[in-house]
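These are my notes from a first look at one structure.

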Amino acid sequence: MTQELRRSLGVFDAVVIGLGAMVGAGIFVALAPAAQAAGSGALLGTGLALAAAVAYCNAMSSARLAARYPASGGTYVYGRERLGPFWGYLAGWGFVVGKSASCAAMALTVGAYVWPGQAHAVAVGAVAALTAVNCLGVQKSAWLARAVVALVLAVLAAVVVVCLTGDGGGPGSGGGRGAGGGLGGVLQAAGLLFFAFAGYARIATLGEEVRDPARTIPRAVPIALGIALAVYAAVLGAVVSVLGTGGLADASAPLADAVREAGAPGLVPVVRAGAAVAALGALLTLILGVSRTLLAMARDGHLPRAVAVVHPRHQVPQRAELLVGAAVAVVAATGDVRGAIGFSSFGVLAYYAIANASAWTLGGGAKGPDGGGGEGGGEGGGEDGPRGVRVLAVGGFVGCVALACALPLSSVLAGASVLAAGAAVYAVRRR
């Protein structure tokens, strides 16, 4: 069987896959807890800007690395090549564990919106269905992602228009249960909103299936991130204009509450359906990304070699897809959304911290993991770009660490414990 994946995705498909992961369930569920953490509209806007800034730094680091190393695996590959095998392994471990929790959270979000009384059963069914779609080929997944993105953007546009032009009673009162504020509130709000930006990494992890990755990935990542930021800013401004920050913090379904308050209760079922579809789109692309990281780790022997087999007809790592689907289904059948999101955030931020550290070595005169100049790291920046891009890598690294430390203590302790367990497994294997 061939072990190479088919390069079938262009810029448009790559952008759509990134948007499918970003403009997903995060915008439907992250606004209320972020508003509670921030405590005011100004600080909430600052949190969104900070999350976008960290995401931009991460995106540019990921894009440069993906163009330099166009193989499946994302930061697992970049950390291995630029920092050494251990850091690549730790990034892969954090990504697989964290994003598997994200998959479960998205599946449970689908269940909560479609059939609240049977949320776990619906979640497991959604995981099974989307795993089957992914096993049929990445191009089919890209077509489904197009449909999901189009529908979700239409729903969000309707929310913005109704909120800004509706005849509701105007902004809700402040206060609410928002007990945040200050620098800590801004950082926690940014960490929660960053969860909604993190999908651009899906473009990088599909590097082996993108046509002309050196050109496609650096173009697709900023485009997808820019579109997502514009959508989030518009939705946030529209919802706050109707509910106010306090009302937003109190809302269990903020977008649905906003259109109801704006005088369009008939749109509420549409918004709920849009949330379910958005979660499905995010789940689809999350499974894609996790399975490709498993593929790369299996190729290097960190997982059984059998996981690295690529299907001869569909040209996808079906065994990795099925392994991810089975693990996510178990978590979705037994877990809860809040715990999954908090745990996921720490692992993802650790993953991006390693990505930024890897991108820093792409500057001129950088040392490779073997102590030499590193591949492509010649004096003055060489083929990997000017020294100035290191500023973005440093900013992304510091931002990831700050947002990770601002997460709830339980999430920090659980995430750190899992990373430590991964490091212990690596040490045992080396011995």
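I looked up which helices line the second largest pocket of this predicted model. At least two lining residues each come from α6 (85-114), α13 (268-299) and α17 (409-430). I noted that α6 gives the most, with four residues.

I then listed the lining by residue. The names are Tyr89, Trp93, Val96, Val97, Leu294, Met297, His302, Leu303, Val425 and Arg429. Sorted by class, the lining has eight nonpolar residues, one polar and one charged. For the volume of this second largest pocket I have about 160 Å³.

Next I turned to the cysteines. How many disulfides does a search of the whole structure find? The search finds zero.

Last, I read the confidence values. The chain has a mean pLDDT of 81, and 85% of its residues reach 70 or more. Among the elements of the chain, which helix has the lowest mean pLDDT, and which the highest? The lowest mean, 66, belongs to helix α10 (residues 201-205), and the highest, 93, to helix α16 (residues 390-405).

I marked two stretches for caution. Over residues 173-178 pLDDT stays under 50, and the model has 12 contacts for them beyond four places in sequence. Residues 364-385 also have pLDDT below 50, with 48 contacts in the model beyond near neighbours in sequence. Where pLDDT is low, predicted coordinates should not be read in detail.

Technical notes. Residues are numbered from 1 along each chain as its sequence is written. This is a predicted model: local features need pLDDT of at least 70, side-chain atom pairs count only at pLDDT 80 or more; totals for chains, interfaces and linings use all residues. Side-chain values use heavy atoms; hydrogens and water are left out. On a 1 Å grid over the protein atoms alone, a cavity is a set of points where a 1.4 Å probe fits but cannot get out, and a pocket is an open set with protein on both sides within 12 Å along at least five of seven lines; lining residues have an atom within 4 Å of a point. Grid points are joined across faces, edges and corners, and a volume is the space filled by probe spheres set on the points. Ala, Val, Leu, Ile, Met, Phe, Trp, Tyr, Cys and Pro count as nonpolar, Asp, Glu, Lys and Arg as charged, and the others, Gly among them, as polar. A disulfide is a pair of cysteine sulfur atoms within 2.5 Å. pLDDT is the predictor's confidence in each residue, from 0 to 100. Contact means heavy atoms within 4.5 Å.
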